[in-house]
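Here is a short briefing on one protein model. Look over the sequence and the structure first, then read the points below.

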Amino acid sequence: ALPRNVLFNPPIDVSSADWNIALKWALHEAFLKADETDRRSIAEWVVKHWGGVKKNKPETYDFYLAMTCQPPRPRTPWHGVASYSKILAVYDPKQYAIFDARVASALNAVQMLYEGNLTVRFPIPNGQNEAIKRFADKIVETDAALEIEKAQAYAEYLRLIKAVSDNLGCELYTIEMLLFSLATRFARKLAPAPPLPRESNRKRLTPKSARSILKRVRSRRHK
């Protein structure tokens, strides 16, 4: 269930992208009107339920929420970026976007697929998707002309997608959602899963053949 102060009436017959955009704005409006307790409730819901990050200490949320009170730009460390960027993206969707393992992977993969090389390597936060994990391991060994430092990764990401969104005339979250949606497909193409071991040539034991074998064994015992 959504936090108590979030009013969300999802439109009918819309794409999952439009549904998520509508939810993002509902969370944003509720966050701006909320008191300290309700803001924490929204922040925890966004990180735990929307983002799937279950383990964060209370003091960690204190730190993340304090970032929303540090205009114009809070300090954005590497640690926790996949969590706090979700809160910032709800706090101000026009200035912030989510930066997680999938988004970071897509930033790297799109260069490799469409330019043929990795020009700027973005570090990739830890994630749970197996395809993304394989890809993250792969790009560590891939040469890049420029390496983005972890401490600067989120700021550089925002700068990049702000330039792209201005050029295309769209919102930051449009670029973010596109990267997120393409990440696993790109990762599987560039770092495919190892082939499964070949199946044994021996015939599979079916219930019918098992009964036949058992019948023969019993017959031999009585001879």
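**Strand pairing**

Val-120 has Leu-146 in S2 as its bridge partner. This is a predicted model: local features need pLDDT of at least 70, side-chain atom pairs count only at pLDDT 80 or more, and totals for chains, interfaces and linings use all residues. Residues are numbered from 1 along each chain as its sequence is written, and side-chain values use heavy atoms, without hydrogens or water.

- Strands S1 (residues 118–121) and S2 (residues 144–147) run parallel and are joined by three bridges. Strands pair if DSSP finds at least two bridges between them.
- Helices (H or I, at least four residues) and strands (E, at least two) are DSSP runs, numbered from the N terminus.
- A right-handed β-α-β unit is made by S1, helix H6 (residues 130–140) and S2. Right-handed means that, with the strands pointing away from the viewer, the path from the first strand over the helix to the second runs clockwise.

**Ser-85**

- Ser-85 sits in helix H4 (residues 81–91).
- Ser-85 is buried because its relative accessibility is 0%. Buried means under 20% relative accessible area, exposed over 50%, partly exposed in between (1.4 Å probe, protein chains only).
- Its side chain reaches the backbone oxygen of Val-81 at 2.7 Å.
- A polar atom of the Ser-85 side chain lies 3.0 Å from the backbone nitrogen of Phe-99.

**Cysteines**

- Cys-69 counts as exposed, at 57% relative accessibility.
- Cys-170 counts as partly exposed, at 25%.
- The disulfide count is zero, taking a disulfide as a pair of cysteine sulfur atoms within 2.5 Å.

Methods. A polar contact is a pair of N or O atoms within 3.5 Å; within protein, one must be able to donate a hydrogen and the other to accept it, and residues adjacent in sequence count only if both atoms are side-chain atoms.
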